[in-house]
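Here are my notes on the model, as numbered points. Please read them with the coordinates open.

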Amino acid sequence: MSVSIKTPQEIEKMRIAGRLTSEVLDYIGPFVKAGVTTNELDRLCHDLIVNVQQAIPAPLNYAPNGHTPYPKSICTSINHQICHGVPSEKVLKNGDIVNLDITVIKDGYHGDSSRMFYVGEPSIQARRLCETTYKAMWRGINQVKPGAYLGDIGYAIQSFVEPLGYSVVREFCGHGIGATFHEEPQVLHYGRPKTGLKLEAGMVFTIEPMINAGKKEIKQLNDGWTVVTRDHSLSAQYEHTILVTDTGFEVLTVSAGTPPPP
Ligand code: MF3
Ligand code: CO
Ligand code: CO
């Protein structure tokens, strides 16, 4: 198996899938308020993707080997939940931080992006974790160009967050993406400069660091999906889908409401 180089036709389809993904995040933001359930956020996103975008929510029934099929259309990870939080009747409350992770399939190609949302006013610590995680993702993105290495991305993220007392989750990483949801390469959010795969124009992968306020260790919940911090510290994540261009990178998951680079 190797890392695919996307054709110009594939890249154009991924721009569309990426824009739709980002537009779901734009749309759902105003609904993230105290009193809403994560099931309600899931339903709103599902309906937009299926009925308006005429696209497919990739998580629904997604079943990578060994996993029970994912039962919902989006991932909603609250506070100490790191990733793959499953929407439920749980009600969001003031001060929660929540990651919404959206993956849309349009015309056979995937876009994958996530952002953090604040429910009312977050604590200073929670806000700082989210802002740092956003900057960390961008530090990784800014490494991307032909001839750079995957290790450069991981190092840029790890060397930024660890001196602040935060930790990088090891068990989950960014990934190649295209006609399949998760493909080669694995994009680690820690590592050493000038190690690993050398980047080439036409590669497409996600950068999606999961940063914990406390220790890096995780725990998998009994629902088979939700991943939490073992020490119950807060965790944050941002994700973009990135194309390697001839001169650097292009963020594919962009729309009118995409937050600007830090
Ligand atoms: N969107 C996640 C990622 O960034 C994967 C979610 S898999 C699911 O790779 F089944 F939980 F949806
Ligand atoms: Co992803
Ligand atoms: Co994702």
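Predicted model: local features only at pLDDT ≥ 70, side-chain atom pairs only at ≥ 80, totals over all residues.

1. **Strands 4 and 5.** Strand 4 and strand 5 (residues 109-118) pair in the antiparallel sense, over 10 bridges.

2. **The turn between them.** Strand 4 and strand 5 form a hairpin with two residues between the strands. Asp107 takes a positive phi there, near 55°.

3. **Burial of strand 4.** How many of the 10 residues of strand 4 are buried? Nine are, so strand 4 is largely enclosed by the rest of the structure.

4. **Strand 2 against strand 4.** Strand 2 is also paired with strand 4 (residues 97-106). The sense is antiparallel, and there are four bridges. Thr76 has Leu100 as its bridge partner, and Ile78 stands opposite Val98.

5. Strand 2 spans residues 75-78, and both of its faces are covered. Cys75 and Ser77 are buried on one side. Thr76 and Ile78 are buried on the other. Buried here means under 20% relative accessible area.

6. **Strand 1 against strand 4.** Strand 1 (residues 56-57) runs antiparallel to strand 4 and is joined to it by two bridges. In this pairing, Ile56 has Ile105 as its bridge partner.

7. **Ligand 1: surroundings.** Which residues are closest to ligand 1? They are Pro59, His175, His182, Glu208 and Glu239, out of 14 residues that surround the ligand.

8. **Ligand 1: polar distances.** His182 places a side-chain N or O atom 2.7 Å from an oxygen atom of the ligand. Asp112 has a polar side-chain atom 3.1 Å from a ligand oxygen atom. For Asp101, a polar side-chain atom lies 3.1 Å from a ligand nitrogen atom. On its own, ligand 1 has 330 Å² of accessible area, and the protein covers 97% of that.

9. His240 sits in strand 14 (residues 240-244). Is the residue buried or exposed? At a relative accessible area of 5%, His240 is buried, because the cut-off is under 20%.

10. **His240: partners.** The side chains of His240 and Thr253 are joined by a polar contact of 2.8 Å. Beyond four places in sequence, His240 touches residues that include Asp112, Ser113, Met137, Trp138 and Ile141. Phe205, Thr206 and Ile207 are also among them.

11. A separate item to inspect is the open sheet with strand order 6-10-13 and antiparallel pairing. Strand 6 (167-168) and strand 13 (235-237) are the edge strands, each pairing on one side only. Strand 6 is joined to strand 10 (residues 210-212) by two bridges. Ser167 stands opposite Asn212 in that pairing. Helix 3 (residues 124-141) packs on the sheet and touches strand 10 and strand 13. The direction of helix 3 makes about 35° with that of strand 13.

12. **Val204.** Val204 belongs to strand 9 (residues 204-207). It counts as buried, at 3% relative accessibility. Leaving out residues up to four places away in sequence, it touches Lys6, Met14, Gly176, Ile177, Thr241, Ile242, Leu243 and Leu252. As a distance check, Val204 and Ala256 are 52 residues apart in sequence and 22 Å apart in space, C-alpha to C-alpha.

13. **Thr226.** This residue lies in the loop between strand 11 (218-220) and strand 12 (227-229). The side chains of Thr226 and Asp223 make a polar contact of 2.5 Å. Contacts of Thr226 beyond four places in sequence are Gln81, Cys83, His84, Gly85, Val86, Lys219, Gln220 and Leu221.

Technical notes
Residues numbered from 1 in each chain as written. Chains lettered and ligands numbered in written order. Heavy atoms only, no water. Buried < 20%, exposed > 50% of the residue type's maximum accessible area, 1.4 Å probe, protein only. Polar contact = N/O pair within 3.5 Å; in protein donor to acceptor, adjacent residues only side chain to side chain. Contact = heavy atoms within 4.5 Å. Pairing = 2+ DSSP bridges. Near = heavy atom within 4 Å. Areas by Shrake-Rupley, 256 points an atom, 1.4 Å probe, with all protein chains shown as cover. Axes fitted to C-alpha atoms, helices over the stretch in contact; angles between N-to-C directions.
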